[in-house]
Amino acid sequence: MDVSRREFFETMRSGLLAAAATAALPRVAFASGSSPSESGYLLRYAPIRLHLKHAWTLSRGTSTYKDNVFVELECDGIVGLGEAAHNIRYGETLESTQQALEQARGILRRANPWQFVETQLEIRRTIEGQNAAKAALDMAVLDWVGKKLGLPLYQLWGLNPKKAPQTTYSIGIDSPEIIRQKVREAAPYPLLKVKMGGGNDEEILKAIRDVTDKPLRVDANEGWKTKEEAIRKIEWLARNGVEFVEQPMPAQMLEETAWLRERSPIPIIADESVHTAADIPKLAGAFDGVNIKVDKAGGLQEAYRAIWMAKSLGLKTMLGCMIASSLSITASAHLSPLVDYADLDGHLLIENDPYVGVEVREGWLILPERPGIGVIKRD
Ligand code: MG
């Protein structure tokens with residue numbers, strides 16, 4: 001290329017760049033997003049007692065109700081909704097959850113609603129632990145953003161709602177008679193997740209197999225205390241149509257779990273061992289997958305990061321939940337097109353769900369198309 005031609009192209013290039021820099025770009029549809037609210041969010045919250053259809057027993061205890069805290073964040077006449085399902089296993093109580101929400105009040109008041117990443121980071125820097133409270137706030141912030149933009153959350157994340165998986169339906173620990181009754185009630189759900197680790201595992205499996213030959217997934221909730229007991233149970237479960245086992249041993253027994261994984265004929269999934277994305281790399285040798293929960297992670301944003309962390313390490317991903325209403329479950333369900341397995345049935349286990357949101361049809365999660373999380377108050 002001679003000098004004059006090079007000059008010509010250089011001139012053209014710089015001219016085009018200058019033109020691009022000064023061109024008046026068309027206003028985007030969500031122009032309201034460019035003017036941050038001066039006032040930030042007004043926070044309201046209240047506990048609601050959710051009554052369980054059946055007493056809920058895990059290897060660590062029994063309950064007949066769950067007091068979750070429901071959060072509203074209001075700004076510019078739009079109200080974002082969130083739910084905190086505290087878990088005593090992680091040092092959270094109804095009181096500590098409400099204290100954490102109160103601690104966030106000032107941050108929320110100053111927050112720019114469009115800078116939801118900033119808001120989440122500041123809350124995480126300020127409040128120690130209490131991930132259920134943080135999760136409720138993150139849900140409410142994203143619900144607000146979705147409502148303001150008129151988009152359901154799955155669309156904000158660029159996900160295909162038709163890829164939402166089937167959810168399991170959980171059967172808590174119980175007597176054989178009640179287990180058989182629960183399994184009959186679970187007729188509309190093709191996949192069952194069975195709680196074990198309470199000392200009557202054989203009795204439970206027999207009661208289930210009396211009624212159904214559906215595929216099962218088993219959650220021991222850290223209930224098997226030695227690796228010899230755990231491998232014996234896992235081999236027996238594998239022979240009885242169990243697809244995988246969740247958290248067979250206590251969270252801190254990582255070496256023993258790695259020993260199990262080398263011998264197990266079925267995948268082993270972490271639950272109590274994993275909270276946030278940062279927990280996942282050290283689990284890669286001991287587990288085949290991770291059960292990520294918005295409540296444990298401290299929000300939808302961190303759950304999203306945890307899912308991608310797990311995927312990048314070649315781990316299977318599951319989205320799980322606490323006992324919660326359709327609000328929290330629907331929020332999680334918006335992430336479900338990303339994961340291999342869903343266990344999003346907390347709302348199916350309660351009898352006074354205050355909201356309507358995600359539907360479950362033959363186990364399939366059907367996401368609402370309404371903006372944000374997309375739940376509405378039940379009449
Ligand atoms: Mg679990």
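This is a predicted model: local features need pLDDT of at least 70, side-chain atom pairs count only at pLDDT 80 or more; totals for chains, interfaces and linings use all residues.
Biologist: How far apart are Glu302 and Arg305 in the helix?
Modeller: They are three residues apart in helix H11 (residues 300-312), which means that about one helical turn separates them. Helices here are DSSP runs of H or I with at least four residues, strands are runs of E with at least two, and both are numbered from the N terminus.

Biologist: Is Glu302 buried or exposed?
Modeller: Glu302 counts as buried, at 8% relative accessibility, whereas Arg305 is partly exposed with a relative accessible area of 34%. Buried means under 20% relative accessible area, exposed means over 50%, and partly exposed lies in between, using a 1.4 Å probe and protein chains only.

Biologist: How many salt bridges does a search of the whole structure find?
Modeller: The search finds 28. One of them joins Arg261 to Asp288, with the closest N and O atoms 2.8 Å apart. This pair links distant parts of the chain, 27 residues apart, since Arg261 sits in helix H9 (residues 254-263) and Asp288 in the loop between strand E8 (268-270) and strand E9 (289-292).

Biologist: Changing topic, which residues are the protein donors of the magnesium ion?
Modeller: They are Asp219 (OD), Glu246 (OE) and Asp271 (OD), lying 2.1 to 2.2 Å from the ion. Donors are N, O and S atoms within 2.8 Å of the metal (3.2 Å for Na, K and Ca), and sites may look incomplete because water is not among the atoms.

Biologist: What spacing do those donors follow along the chain?
Modeller: The spacing is D-x26-E-x24-D. Glu246 lies in strand E7 (residues 242-246) and Asp271 in the loop between E8 and E9, so the pair ties together parts that are 25 residues apart in sequence. Glu246 is buried at a relative accessible area of 0%, and Asp271 also counts as buried, at 1%.

Biologist: What about helix H6, which residues are buried there?
Modeller: In H6 (residues 176-185), Ile179, Lys182 and Val183 are buried. Seen down the helix axis, the buried residues fall within an arc of 100°, so they line one face of H6; the arc is that of the directions from the axis to the C-beta atoms. Glu177 and Arg184, on the other side, are exposed.

Biologist: And which elements do the buried residues of H6 pack against?
Modeller: They pack against strands E1 (42-58), E4 (169-171) and E5 (192-195), and against helix H7 (201-211), where contact means heavy atoms within 4.5 Å.

Biologist: Which residues touch the most other members of the largest nonpolar core?
Modeller: Of its 87 residues, these are Met196, Trp224, Leu237, Val290, Leu300 and Leu335. Such a core is a set of buried Ala, Val, Leu, Ile, Met, Phe, Trp, Tyr and Cys residues joined through side-chain atoms within 4.5 Å.

How values were computed
Residues are numbered from 1 along each chain as its sequence is written. Side-chain values use heavy atoms; hydrogens and water are left out. A salt bridge is a side-chain nitrogen of Lys or Arg within 4 Å of a carboxyl oxygen of Asp or Glu.
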